[in-house]
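I opened the file to look up strand pairing, helix packing and a few backbone angles. The entries below follow the order in which I checked things.

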Amino acid sequence: MTTETKEHEQNQVSQTFAVKGMTCASCVRHVEGALLKVDGVETADVNLATERVTISILPDVTVRELRSSVKASGYELAREIDQDSLLEDTEAAERAAEERALRIRVIFALTIGFVLVVLSQSSRIPLLDEVRPGAIHIVSWLLATPVLFWAGWRFYRNAWQVGRHGTADMNTLIAVGTGVAYSYSVFATVWPERIETAAGISADVYFDTAAVIVGLILFGRWLEARAKGQTSAAIKRLMGLRAKTARVIRDGEEQDIPIDEVVAGDIVVVRPGEKIAVDGVVVEGTSAVDESMLTGESLPVEKGPDDDVFGATLNKTGSFRFRATKVGKDSALSQIIRLVQEAQGSKAPIQRLADVIASYFVPIVFVIAAGTFFVWLAFGPSPAFTYAMLAAVAVLIIACPCALGLATPTAIMVGTGNGAEQGVLIRGGESLETAHKITTVILDKTGTITEGKPSVTDIVTVDGNSKDDLLRLAASAERGSEHPLGEAIVQEAQGRGLSLAEAEEFQAVPGHGIEAQVDGRRLVLGNLKLMEDRNFNMNGLEAQSETLSQEGKTPMFIAVDAQVAGVIAVADTVKPTAIEAVAELHRTGLDVILLTGDNPRTAEAIAKQVGIERVLAEVLPEDKANEVRALQAEGQIVAMVGDGINDAPALAQADVGIAIGTGTDVAMEASDITLIKGDPRDISTAIRLSKQTMRTIRQNLFWAFAYNVALIPVAAGVLYPIFSNTGVPASLEWIFGEFGFLNPMLAAGAMAMSSVSVMANSLRLRGFRG
């Protein structure tokens, strides 16, 4: 990448807007195209499921220019979705109002539609068969008009808006299809004699067809709106986790204040059973905190002074006070919500192909409908015009680009939301699509496979010395040390409740160990070379020291009054779930590699312990990316898993970077996926979720394409040559009529259900569990 390109990208600003008026995949292309026409707009990604667009623009582009261009294409660029309103579900009220309005219109349209169907069969119904057909037609006209032009007005309004600018979408198909049936019926009602004279047939009307089509499509839209609400359920639940108030110390007194008024530095008081209001650091007290709502980890986490706590988590047992460090949009919860929203609004590469196809879909359908009309008019049975019109209407109504547009984004919304609830944050659709292709997983040792901090693993004593006594002496001597190994010994002693003594005459021996006076006894702690330099009696501990070293542990000898009294082994211990995590990756068919800067012996010991066969040891942080690059050169699709700090170059280089986080790392820019819990088992959870989501997307796209490929020809009358000789079986006449063309009302029902079926299939991802 050139310097000019980097500077150009750095100057770009990303903004997200709500978009109104979109109904299908062809709308997506129209809105994107309108935005890309504006000078300074670099990219535009529209998501039909969330009804939002994310654009990258140069700073000099104004919102007025963007809105003007979108409006010119027949749509509306509504309010900007900014980070300040991140924690407010500002669209909930709009969605609820839209759903209510749709429900009212559905009930009205289908009720009137049922009445119109009854009236269309008036010649077969007692009492109604005595009413003049002309009167029935006029009543039907009066009833159908509000169905089309009140309940279904959105179709005609939107079709007109896009039509004025020379484009067409789903609304155009519906408006033309129902409009043709309605207009013909009005003509037949007002001038029946002209049709009877010109065509020699009775002037039948199809108000029932037009009204039922509108009712069924509105019903599908209503179901779709309800399903869309469920696809964003994860975001709603995350937003609902926030505490509403916080108890802070102000002017020496406890005060309950709204959470928005908490500022960094406030001392917050938390009592048993209360939610923690914001992120912070414990300054006083101890407790157990349930962090499952953020990490998915079911066991409460012990908290004490200097421990981090996170907003929205639940205090279980004790009371404590903490200093607020991150509030509002800077909190861990806010960052999680932001990442999930960005992921749900992103576009997977596979979706772009569907959008391109959908952009040509509507014009092709119009061509097929026109061809259908003229073929039936020329070769169809009498009355040819009636059958030609109904077949063309069926083609227009049954065609469904909606399902194509919803196939990918709905699955991504549900999949990423489900992942967030399980502590797996996926940055976007592209990351999701790439993750299912992974062939090799590189695991950084420290912090991924191991705990990332040393701890005491073994205590070996000689001459009858007590392990606790030896540990107490060593910890007393190390208490003033800042070395990680010394800190591990002190923590182990404190964990056992040992009382430490004051060390005197403390002296560090650089690169080897320490010396100190404890309880009047001279202690020397350090490595084998230090013991040999002092000519201490090793008491036969060399062999055990070698065994510990081969296991990847660091042995530290303790000499008391010039006699070696024992060995304390310290190691960065393997996480309890690491063995299971590696085994699961192997079961998935993935190659697993351990990457570390440690020496080969330690690395091999850790790898053997967890079941990894291939090891890359003594790799410096700056060389980790080169190792990833070498594997990619072999044709591997590589996932790099690390702690996201010194592993950042390798995470960025990998096809999929997976960062092991602890709630505060959720905004790491180098990673594609963040595992909040720090549990390596979630690596396979993320990969399996990716595979399941991509499987769902493929299913959605297959059925959306198959539906249109199979049913448009049926609606056009492809079955007529078959049924013209044999006749339509009695059991199928309600579907295909007398000559084998599809009833337009059933075409409307099929079209409505195709979108709903895609939504329902995507919602199955809510049942995925890691």
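I looked up the partner of Ser287 and found Lys303 in S10 as its bridge partner. The model I am reading is predicted. Strand S9 (residues 287-290) is joined to S10 by 3 bridges, and the two run antiparallel. I then traced the whole sheet: it is open, has 3 strands in the order S10-S9-S12, and its pairing is antiparallel. S10 and strand S12 (314-315) are at the edges with a single partner strand each, so one side of each has no neighbour in the sheet.

Leaving S10, I checked the loop that runs between strand S10 (301-303) and strand S11 (308-309), where Asp306 is located. Phi of Asp306 is near 75°, which is positive although the residue is not glycine. Is Asp306 buried or exposed? Its relative accessibility is 66%, so I noted Asp306 as exposed.

I found a second case at Asp251, with phi near 55°, again a positive value in a residue other than glycine. Asp251 sits in the loop between strand S5 (245-250) and strand S6 (253-258). At 79% relative accessibility, Asp251 also counts as exposed, because the cut-off is over 50%.

I went through the S17 end in detail. S17 and strand S18 (residues 513-518) run antiparallel and are joined by 5 bridges. Ala508 has Ile514 of S18 as its bridge partner, and Glu504 stands opposite Gln517 in S18. The two strands form a hairpin with 3 residues between them. In that turn, Gly511 has a positive phi of about 80°.

Next I followed S18 to its other neighbour. S18 pairs with strand S19 (residues 521-526) in the antiparallel sense, over 6 bridges. The bridge partner of Gly513 in S19 is Gly526. S18 and S19 also form a hairpin, here with 2 residues between them. Asp519 in this turn has a positive phi of about 55°.

How many residues of S18 are buried? I got 5 of its 6, so S18 is mostly covered, with buried meaning under 20% relative accessible area.

I looked up the packing of helix H5 (residues 133-151) on helix H7 (residues 170-190): the angle is about 155° and the axes are 11 Å apart. Angles over 145 degrees count as roughly antiparallel, and therefore H5 and H7 fall in that class. H5 passes H7 in a left-handed crossing. On the H5 side, the contact is made by His137, Ile138, Trp141, Thr145, Leu148 and Phe149. H7 contributes Thr178, Tyr182, Val186, Thr189 and Val190. I sorted the residues of this contact into 7 nonpolar, 4 polar and no charged.

The axes of helix H14 (residues 384-398) and helix H26 (residues 681-716) come within 8 Å, crossing at roughly 165°. That makes H14 roughly antiparallel to H26. I recorded the crossing of H14 and H26 as right-handed. Which residues make the contact? From H14 they are Ala391, Ala394, Val395 and Ile398. From H26 they are Tyr707, Asn708, Leu711, Ile712, Ala715 and Ala716. By class, the residues of the H14 contact with H26 divide into 9 nonpolar, 1 polar and no charged.

Methods. Residues numbered from 1 in each chain as written. Predicted model: local features only at pLDDT ≥ 70, side-chain atom pairs only at ≥ 80, totals over all residues. Heavy atoms only, no water. Pairing = 2+ DSSP bridges. Helix = DSSP H or I, 4+ residues; strand = E, 2+ residues; numbered from the N terminus. Axes fitted to C-alpha atoms, helices over the stretch in contact; angles between N-to-C directions. Parallel < 35°, antiparallel > 145°, perpendicular 65-115°, else oblique. Left-handed = near helix turned anticlockwise from the far one by under 90°. Contact = heavy atoms within 4.5 Å. Nonpolar A, V, L, I, M, F, W, Y, C, P; charged D, E, K, R; others polar. Buried < 20%, exposed > 50% of the residue type's maximum accessible area, 1.4 Å probe, protein only.
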